[in-house]
Amino acid sequence: MKYGVLKSYAVLENKHYLIAMDGVWFYQSKNIHCQHCLHRELKDGEQIYYHNMAAAALVKPGVETVLPLMPEFIHNEDGGELCSPEKQDCERNAVKRWLLKHETRYQWLNPIFLGDDLYADYPTYAAITEQQKSFLFTCKPESHRRLYDSLDEGCMERKTVREWTGRTHLEYRYQWYNGVEIREELPTLKVNYVYLEIWNEQKGKGTYKGSWVTNIEIMEKNVVELVECARARWKIENEHNNVLRNKVPPTSWVSS
Ligand SMILES: [Zn+2]
């Protein structure tokens, strides 16, 4: 903050910061386990024990470095006997705990939470909306039947942006709709839906498709940046989680 580094992470007219969240599995063993381990039965009947966490990081489109924030560990409370699989702690619960714990800490960032389809459920939307924060989550048709059924192609707003890559023309085809119900059961919540297809003119086919939901109003003037923000979510997987999993810490970190 002192050196203004954080300021360069602001997005959408410098009004918001992006907090990407993602589950990261950082320990597993068939033999060594503790009372807080998560567990799952493998096909051969053996148990595998593991630890994971809901990681959070500040990200920005076009910026390689991510800034890690406090994670929330996913672990079972009671030790001893193995609890049944459905009673185990899970990533969705961890995200809800994260939101409660850090409600005021990150308020000043006016954050937009980025998450994959796993987070795109009513309780998570409601928790974020109640805190008057924003979300921008992947929204796949398989897990959002009701939402996709109520979208009317003819009513969607559209924008196309053409780009020359030096080899081919790409057409970014955006479609969006503000105010669609997230689910059939009550209570429900209206969200705003956006879809992008990238059309490669040389290949004569689409090369990318993505869809998201948000509680930010989607407009002609912000649709391109909103989608760029949503697509920055992968940075937490690449620049944060994969580094945690695969990079050996410098020897100075290892206590002797
Ligand atoms: Zn353990």
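What follows is a short walk through parts of a predicted model.

**Stop 1: helix α2.** Select residues 122-130, which form α2. Which residues of this helix are buried? Thr 124, Tyr 125 and Ile 128 are. These residues span an arc of only 100 degrees around the axis, so they sit on the same side of α2.

Now turn to the face pointing away from that buried side. Pro 123 and Glu 130 are the exposed residues there.

**Stop 2: the cover.** Go back to the buried residues of α2 and show what covers them. The cover includes the helix α1 (91-101). It also includes β6 (111-115), β7 (134-138) and β10 (190-200).

**Stop 3: α1 against α2.** Select both helices. Their axes come within 10 Å and cross at roughly 5 degrees. Angles under 35 degrees count as roughly parallel, so α1 is roughly parallel to α2. Show side chains for the contact. From α1, pick Arg 92, Val 95, Lys 96 and Leu 99. From α2, pick Pro 123, Thr 124, Ala 127 and Ile 128. Colour the contact residues by type: 5 are nonpolar, 1 is polar and 2 are charged.

**Stop 4: leaving α2.** Step just past the helix to Gln 132. Its phi is positive, at about 55 degrees.

**Stop 5: helix α4.** Select residues 223-231. Where do the buried residues of α4 lie around the axis? Pick Val 223, Leu 226, Val 227, Cys 229 and Ala 230, the buried residues of this helix. They cover an arc of only 155 degrees, which puts them on the same side of α4.

Methods
Residues numbered from 1 in each chain as written. Predicted model: local features only at pLDDT ≥ 70, side-chain atom pairs only at ≥ 80, totals over all residues. Buried ≥ 20, exposed ≤ 12 C-beta atoms within 10 Å, placed from the backbone. Helix = DSSP H or I, 4+ residues; strand = E, 2+ residues; numbered from the N terminus. Arc of directions from axis to C-beta. Contact = placed C-beta atoms within 7 Å. Axes fitted to C-alpha atoms, helices over the stretch in contact; angles between N-to-C directions. Parallel < 35°, antiparallel > 145°, perpendicular 65-115°, else oblique. Nonpolar A, V, L, I, M, F, W, Y, C, P; charged D, E, K, R; others polar.
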